[in-house]
Each structure stands twice: as structure tokens, then as C-alpha cells.
Amino acid sequence: MGTSTRFDLVQKDIPQAWYNIAADFPTPMAPHMHPGTQQPAKPDDMLAIFPPSIVEQEFSTQRWIEMPEEVRDVLSLWRPTPLMRSVRLEKALDTPAHIYYKYEGASPAGSHKPNSAVPQAWYNRHDGVKRLATETGAGQWGSSLSMACKLFGLECIVYMVASSYKQKPYRRMAMETWGATCHSSPSNETAFGRKIRSEDPHTAGSLGIAISEAVEDTVTHPGTKYALGSVLNHVCHHQTVIGLEAIKQMELAGEYPDVVIGCAGGGSNFAGIAFPFARLNFTEGRKTRLVAVEPASCPSLTKGEFRYDFGDTAMTTPLLKMYTMGNDFMPPALHAGGLRYHGMAPLVSHLTSLGMVEPRAYEQMEVFAAATLFAQTEGLIPAPESSHAIKAAIDEALEAKKEGKKRVIVFNLSGHGLLDLASVV
Ligand SMILES: *Cc1c(COP(=O)(O)O)cnc(C)c1O
């Protein structure tokens with residue numbers, strides 16, 4: 001046998017509780033604000049679109065949030081996910097660095113997103129909700145929520161950004177297989193969608209527009225709530241299963257990371273891999289560097305402003321303090337649809353403003369090259385979003401080579417790219 005490449009956990013190692021980083025911030029983050037009164041939002045303000053249990057998590061400052069047993073059971077369909085060491089990539093780079101990746105593409109939908117879709121569907125059903133409305137960019141969140149809703153007996157309505165609806169028919173078919181209804185956004189289903197379509201019939205759509213449609217659908221249909229796949233605090237909490245498992249797996253590997261890397265669209269998978277390691281930086285004096293990688297064409301963390309902004313285009317959501325390109329920002333129709341969001345999770349933004357995250361942006365072509373090298377050495381075809389993290393991992397490994405020193409690198413491989421190949425050619 002050669003070098004160990006897999007560090008496997010078993011079902012009982014799935015975390016029993018999610019980690020809430022808000023409990024450990026040295027200075028508290030800015031509260032969400034009510035858009036009308038400009039005062040800190042109260043839990044009641046969010047109950048129009050979210051169920052009480054989710055609102056409670058959104059405002060929680062409790063360090064650990066217990067996971068319902070039924071949620072853990074469903075997560076065990078694919079969790080714990082593998083942690084792998086990419087020795088073939090290391091060899092190709094001729095680097096003394098050790099490169100590990102956590103593989104979240106192992107879920108039924110092919111990404112990390114079911115980690116939050118499953119608890120969100122569970123809490124909605126628990127609170128008596130019958131129908132969930134949401135938006136999706138590349139289709140990853142919509143398909144994850146479709147699956148989760150079906151498993152818990154909820155109806156699911158998805159507004160899919162028009163450009164992706166055209167380019168990614170397989171994700172739409174996956175949603176329909178899981179029993180959801182999927183509309184191209186802007187759609188004729190909502191007043192906001194009809195207004196945008198009348199102004200620009202050929203618009204490519206955007207996540208901000210699709211969010212506005214899903215929110216309008218929610219408030220105009222009884223028994224319906226809204227679900228968001230990234231950005232908000234509760235989504236970041238749910239994703240911490242990634243990092244909590246990775247910590248145990250690195251113990252099996254007998255190493256501790258010098259640097260932890262995740263790609264960042266709305267910030268949830270980065271939060272998922274990074275926050276549990278950030279906790280050990282706070283509480284055990286560890287010095288792990290946390291690198292968040294975004295596309296140069298949608299650079300909220302590296303070029304955006306840190307201020308209050310709306311989460312959507314129609315300005316209906318609470319105001320969130322975050323790094324943002326502005327709520328009317330229209331990113332170019334780049335391949336990595338999941339990284340097109342104009343803002344960044346307030347929790348990730350706050351950690352960044354404290355100087356504890358190194359944000360980085362890469363161009364599309366260098367990201368493609370990294371993805372190709374990874375596929376040709378490790379076998380897996382990564383999602384275009386995840387490939388941003390791979391590019392950063394490779395750069396870290398090449399720096400280690402220049403220094404002639406070992407560096408332990410862990411990155412999150414947020415999803416596989418088998419349904420994204422049409423956008424590569
Ligand atoms: C949605 C998605 C992302 C970006 O979303 P975050 O909330 O920033 O994690 C990254 N990778 C994949 C595979 C995705 O589907």
C-alpha cells in the first residue's frame with residue numbers, strides 16, 4: 001500500500017449539533033436591519049417568510065444547536081463525506097505540501113447544499129408549513145431543496161435564473177424528478193417577474209430577481225414559506241457539519257491544517273469548512289489561515305463595500321451588513337452560476353472584517369486550468385464553483401514548493417461538475 005489517501009468516519013461520527021460562530025466572535029456582528037424602520041430587525045419581522053424555528057436559529061447566539069435525530073438520519077444517506085489526500089495532484093505539482101479535500105459532491109444533489117436543505121425542510125414541516133418557495137442559480141440549491149421537500153412531504157416551487165434554466169436542463173429535470181415545480185425567472189408567475197420581463201424580454205435573469213419572485217410567491221400563497229440556500233446565519237450553521245467532520249478526519253490523518261480554503265458565492269460552504277477551524281483559532285490559539293475564493297467577475301469580498309444592503313433586487317429582504325457589489329449588480333453570465341450572488345454572508349463578512357479571512361479572486365481561465373489538472377490527477381471532475389478553491393489550493397502548494405517547506409492544505413470540494421460540462425465547451 002502507498003500513502004493513505006482516505007480518512008473515513010462512520011455514521012455515528014455525523015455531528016450531533018451545528019456550530020454557531022456568532023457565540024465566539026471577539027466583537028458582535030451588526031444585526032440585520034428592518035428595511036422600513038432602519039432599526040434592528042426583530043424575529044417577528046422575519047416570520048412572514050420563514051418559520052419560527054428557522055427564525056430562532058437566525059437570531060441565535062447559542063454556540064451549539066442540536067440537530068434533530070430525523071435530520072441526522074437523512075444526512076446519513078451520504079454523510080460523513082470522504083476526506084481525501086490528493087497525493088497524485090501533489091506529485092504532479094512536485095510540492096512538499098500535503099493537500100486534503102473534503103468531498104461534498106457525494107450528496108444526492110452533487111453538492112454541499114442538501115446539508116441545509118434537509119434541516120430547512122424538516123423545520124418547516126415541524127412548524128406546519130405545507131409548501132416552500134425558493135430561487136436557484138445553477139440549479140444546485142433548487143435540486144437540493146426539491147429532494148429535501150419530497151423526503152418530508154412538502155410541495156416545492158423553484159424560480160430558476162433564466163440563463164441557467166436554458167443552459168442546465170438536467171438540473172431542472174432533477175428537480176422535476178424529485179417532484180418540484182420549476183419556473184424560468186423572471187417568470188409570469190409574479191408581478192415583479194412580469195415587470196422585469198416587460199422592461200427586458202430577453203433578460204438573463206439574476207439571483208436577486210429570482211429571490212424577489214420567490215419571496216413574492218411566499219407572501220401571496222397561504223401555507224407557504226421561503227427557503228434560502230446561502231447567505232443567512234442559519235444556513236452557515238447547517239453547513240458546519242463539513243468542518244466538524246473534517247476536524248475529526250484530520251485527526252485520523254495525524255495532521256492539522258495550516259490553511260483551509262473554500263470557494264465563496266453567498267459564503268455557506270466556506271463557512272461550513274472554515275468556521276469550525278476558526279473556533280479552534282479563537283479557543284485553542286490555533287493559527288490556521290482561512291482563504292475564501294471568489295471569481296474576479298463577482299468580487300464582493302475583494303472589491304465590494306462592507307455596508308448594509310438588501311439581499312434581493314426588489315429590496316424586500318431585511319438589510320444585511322455584508323461585503324456587497326450593490327443589490328442591483330448584474331454579474332456577467334459566467335460559468336460558475338453558483339458564485340454570482342452580489343453579497344456575502346454576514347457571518348463570513350464579519351469574520352473577514354475582523355481580519356480573520358484572506359479573500360482572493362481568480363479569473364475564469366486559470367480556474368479551468370486548475371480544474372482540468374485536478375480531474376486528470378485525482379479523477380473527479382469538480383464543479384466550476386469548487387474549482388476556485390482548487391486553484392487556491394494549487395497556488396498554496398506551489399508557494400510551499402518555492403519555500404521548500406511542508407504546508408498542510410485542506411480545501412472544500414463543494415460539488416462535482418458532471419452536470420456543468422455543457423458550460424465548459
Ligand atoms: C451554490 C454552490 C456554491 C456557492 O455557494 P456558497 O453558499 O458560497 O457555498 C459553491 N459550490 C457549489 C458546488 C455550489 O453548488
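Modeller: Asp 94 counts as exposed, because its relative accessibility is 55% and exposed means over 50%, buried under 20% and partly exposed in between (1.4 Å probe, protein chains only). This is a predicted model, in which local features need pLDDT of at least 70 and side-chain atom pairs count only at pLDDT 80 or more, while totals for chains, interfaces and linings use all residues. Residues are numbered from 1 along each chain as its sequence is written, and side-chain values use heavy atoms, with hydrogens and water left out.

Asp 94 sits in the loop between helix H4 (87–93) and strand S4 (98–103); helices (H or I, at least four residues) and strands (E, at least two) are DSSP runs, numbered from the N terminus. Although Asp 94 is not a glycine, its phi is positive, at about 50 degrees. Gln 38 is likewise not a glycine and has a positive phi of about 60 degrees. The loop that holds Gln 38 runs between strand S1 (17–19) and helix H1 (43–46), and Gln 38 counts as partly exposed at 49% relative accessibility.

The ligand itself has 19 residues around it, of which Lys 113, Ser 230, Gly 265, Asn 269 and Ser 414 come nearest; a residue is near a molecule if one of its heavy atoms lies within 4 Å of it. By class, this shell holds four nonpolar, 13 polar and two charged residues. In that count Ala, Val, Leu, Ile, Met, Phe, Trp, Tyr, Cys and Pro are nonpolar, Asp, Glu, Lys and Arg are charged, and the others, Gly among them, are polar. Domain 1 (5–16 + 78–111 + 236–423) and domain 2 (49–65 + 113–233) each give at least three residues to the shell, the bounds coming from an automatic or database domain assignment.

For Lys 113, a polar side-chain atom lies 2.6 Å from a ligand oxygen. For His 112, the distance from a side-chain N or O atom to a ligand oxygen is 3.1 Å. For Ser 230, the corresponding distance is 2.5 Å. A polar contact is a pair of N or O atoms within 3.5 Å; within protein, one must be able to donate a hydrogen and the other to accept it, and residues adjacent in sequence count only if both atoms are side-chain atoms. The protein buries 98% of the 380 Å² that the ligand exposes when taken alone; accessible areas come from the Shrake-Rupley method with a 1.4 Å probe, and for residues only the protein chains shown count as cover. Helix H13 (268–284) and helix H17 (384–403) are the elements that give two or more residues to the shell around the ligand.

In soluble globular proteins, nonpolar side chains tend to be buried together.

Helix H15 (346–353) is mostly covered, with seven of its eight residues buried, among them His 350 and Leu 351. Just after H15, Gly 355 takes a positive phi of about 80 degrees. Thr 377 belongs to helix H16 (364–378) and counts as buried at 17% relative accessibility. The side chain of Thr 377 reaches the backbone oxygen of Leu 373 at 2.8 Å.

Two cis peptide bonds complete the account. The bond from Arg 79 to Pro 80 is cis, with omega near -10 degrees, and Pro 80 lies in the loop between helix H3 (69–75) and strand S3 (83–85). The bond from Ser 185 to Pro 186 is cis, with omega near 5 degrees, and Pro 186 lies in the loop between strand S7 (181–185) and helix H9 (191–199).
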